[in-house]
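I opened my notebook to look over one chain from end to end.

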Amino acid sequence: SELGIQAIIDPYARGDFFITFGEQGVSLEEGYITFTSLPAGFVGKIGKMRAAFGKVNTMHNHVLPWVDRPLVTDNLVGGEDGINDAGISVTRTFAAPGNLFLEATGQVFRGDSGDSVHQLFAAPNKSDVSTIAHLRGYRDITESTNLDIGVSFARGHSDLGGVNVAQDLLNRSFITYLYGADATLRWRPLRRSIYHSFIARSEFIWNQRQQFNAAFLPATKRSFGYYASGDYQLGRRWFVGGRFDSSDRATSPGTDNGASAVLTFWPSEFSQLRGQYRLTRYAEGINANELLMQLQFVLGAHGAHPF
């Protein structure tokens, strides 16, 4: 469960806090202040926040179009927590030729990201910060269709940095680089928008991680993963979708592949019931067939999510 506390602080700032309650206890998923009136059209954020890397990393669990997160998120981008850290973010939007809307974001974080199983970045030293850059382009194709494309970059210290004796002897700092590209195509006819719509999503992520190889010598492991999905609105309350996943593993050899089919029913805008069939073929040769069920509901007002 998640508790959202959001309010305007003054004419120049707002605060957003999201507190989660789960089997592992209580934690702060995000908590930041946004300065909306900085000079030259900049918008700044300070606090703990999800990094602007791609699309899925920015989403809370309850706004995902699936029950789970794609394999590429688990394998290459730090698992469910993803790149979520304390830091500073600066964003500026501007218009470009050809009716193109651009948004550029630069972020600097403390340097710790990922969950206990999929540690992505670690900061044994206070100077081991991580950095994120994201450029997003948006354009209306027709009055009913628009295209959103983005590119992302992330850099941080590997989770073994500063804690391995051999590395200390080598006096070497291990770095992980992430490169990403995402695309979202939306179709929503103006006259029938509450009954029919379609969204296609895809992300491609490259992970370049410095680590020790089998001979205990410094090496670079390169991994790649992606997902592609589509969601179609059948009627006012029914949605059907599918997703295909493929991802290498960041720290070990092997590639995982998966496919999902999703059916969602919205009794109202405040609740939804979702079922997902997921087939995953893991690198070890194991096939997993799973049926995932999800019921979500909202109490009270709930602000709009970023478009």
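Predicted model: local features only at pLDDT ≥ 70, side-chain atom pairs only at ≥ 80, totals over all residues.

I number residues from 1 along each chain as its sequence is written, and side-chain values use heavy atoms, with hydrogens and water left out.

**Fold.** I looked up the secondary structure and found 2 helices and 17 strands; these are DSSP runs, helices being H or I of at least four residues and strands E of at least two, numbered from the N terminus. The radius of gyration is 20 Å, close to the 19 Å of the globule rule for 307 residues, so the chain is as compact as a globular protein of that length. That radius is taken over C-alpha atoms, and the rule is 2.2 Å times the number of residues to the power 0.38.

I read 42% of the 307 residues as buried, meaning under 20% relative accessible area with a 1.4 Å probe, protein chains only. Among contacts (heavy atoms within 4.5 Å) with a separation of 6 or more, 51% join residues 24 or more positions apart.

**Core.** Which residues have the most contacts inside the largest nonpolar core? I listed Phe-53, Val-77, Ile-83, Ile-132, Ala-154, Leu-178 and Ile-205, in a core of 23 residues. Such a core is a set of buried Ala, Val, Leu, Ile, Met, Phe, Trp, Tyr and Cys residues joined through side-chain atoms within 4.5 Å. Both α1 (71-76) and β8 (119-121) supply at least two of its residues each. Leaving out residues up to four places away in sequence, I saw Ile-83 touch partners including Phe-53, Asn-57, Leu-120 and Phe-121.

Note on methods: Buried < 20%, exposed > 50% of the residue type's maximum accessible area, 1.4 Å probe, protein only.
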